[in-house]
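Here is a brief tour for a first look. Keep the sequence and the structure side by side as you read.

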Amino acid sequence: MSKTGIPTTDSMNSVRENVATASGGSWRLRGVWLWAAVVTVLFAAGFTSCGEKVKTPSGRQQTMLIYMVAQNDMDRWGVVDDNIDNLLRGLPSNMGNNQILIYIDRNAKPPFLLKIDNSKRDTVRIKTYSEANSATKARFSEVLSDVKRLFSARKYSLDMWSHGSGWIPADKTSYYGSPAAGLLKAAPASGAAASSGSPRELMFQTSRWFGTESGLHMDITDISDAIRENDMHFHFILFDACLMGGIEVAYELRDCADYLILSPAEVLMAGFPYHKITAPIFQSTPNLAKVCREYYDYYINVGFPYATVSLIKCSELDALATKTAEILSSPAALMSDINSAAMQTFDMKFSGHIFYDLKQIVNEVASPSDTMEFRQILDRVVIRKYTTPSFETNEGRFLINSANYSGLTVYLPSSTVHTDLNTPHRNTSWGIDTGWGAVY
């Protein structure tokens, strides 16, 4: 096994063969990156054949649906197969009645749904979908509907694993250029990564963002609307994608889940270490704090110590919005008075920053007493947070002051840069309910 945690022995051959068969192509090892889109759903039930629902055995069950939007650069690096590899070897020895499903949309292949055979640690195709863009509300909603109809459960959870750019609207296409364009030019044809001789370290030198297929992206409101329209609620939603740890994202999803796991900064292409987080996910009560800690520890120990992660308690977000609105109704200072250059930021993709630390920005506009109360509520919202002292990719490096790491980011309106984002931000749920930007 390499230091990246990627299986390289013959023990995974059966898994490789089954995933390759399901995908219609040959197995390839991961070459460089891990860019996809994953939705993970915990629930109960299973299939005996395509479309056939079987009686749910007695006892509590969890199932993880992985929604992979891999019809993009990631599939060229073989990361779909590699990620399934890691997830399978991370399965607890006793999965009980738990079930894992994987929705995959790859290059030049129709989307399909796989089922994990827990006893064989193998994959079986369950359903083939019509060709459609998986980075859309329509397809996401269709898959959620299938989950609810065919795999009802006591508890659902969701892991969105892909590219990501936080709350930025999908129609602002200029912000969705590839963050690793230089490397993408050298990306191999599908399946060629393993034989290309590309160093595995590149997987830790680029980052991911959220939901890309054929130039389309999903708005956060698309995600929340699809969840609500299917009358679903999740125990937790994990975003394995860049820059999703913003208050705008968290607030939009506050009634869709009990908890959120998010990264305020980018997420290196290797993503979350599924071989380490699968077991805590499938404890009788999912150990979400351990999931966050395993993510942080993985990057500390793998030789690329660049990671941020936060665990958010959604039930406290309304109180945070109420206090923020109170502060902004009579601010001690205007946002336009803030020296943005002195603020902690978490992005390198854009010319001019978009993602600032929430606590630090509020500190600049709140009175001392309001600041203290805001921090007390924020501590109830962000119940776990980890950050490395710096973050680095092939695009550059920035320092993270732990004193200015609240675990959530926020947009700072500007009259000079990214002015086209000011109005869309005011129209987010967070902007509407707090008046953020109105006192700029």
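## The largest pocket

A pocket here is an open set of grid points where a 1.4 Å probe fits, with protein on both sides within 12 Å along at least five of seven lines. The model is predicted. Its largest pocket has a volume of about 210 Å³.

The lining is made up of W167, P169, D219, I220, T221, E248, E252, P424, N427, T428 and S429. Two elements, α6 (220-229) and α7 (247-252), each give two or more residues to this lining. By type, the lining residues are four nonpolar, four polar and three charged.

## Helix α12

Helix α12 takes in residues 368-381.

Which residues of α12 are buried? They are D370, T371, F374, I377, L378 and V381. These residues lie on the same side of α12, because they cover an arc of only 130° around the axis. On the other side, P368, S369, M372 and D379 are exposed. The cover over the buried residues of α12 includes β12 (308-313), α10 (317-329), α11 (358-365) and β14 (382-387).

## Helix α8

Helix α8 spans residues 274-281 and is mostly covered. Six of its eight residues are buried: Y274, H275, I277, T278, P280 and I281.

What covers the buried residues of α8? The cover includes the strands β3 (63-70), β7 (158-161) and β9 (234-240). It also includes the helices α3 (79-89) and α9 (288-301).

Methods
Residues numbered from 1 in each chain as written. Predicted model: local features only at pLDDT ≥ 70, side-chain atom pairs only at ≥ 80, totals over all residues. Heavy atoms only, no water. Helix = DSSP H or I, 4+ residues; strand = E, 2+ residues; numbered from the N terminus. Expected span 1.5 Å × (residues − 1). Buried < 20%, exposed > 50% of the residue type's maximum accessible area, 1.4 Å probe, protein only. Arc of directions from axis to C-beta. Contact = heavy atoms within 4.5 Å. 1 Å grid on protein atoms, 1.4 Å probe; cavity = no way out; pocket = protein on both sides within 12 Å on 5 of 7 lines; lining within 4 Å. Points joined across faces, edges and corners; volume = space filled by probe spheres on them. Nonpolar A, V, L, I, M, F, W, Y, C, P; charged D, E, K, R; others polar.
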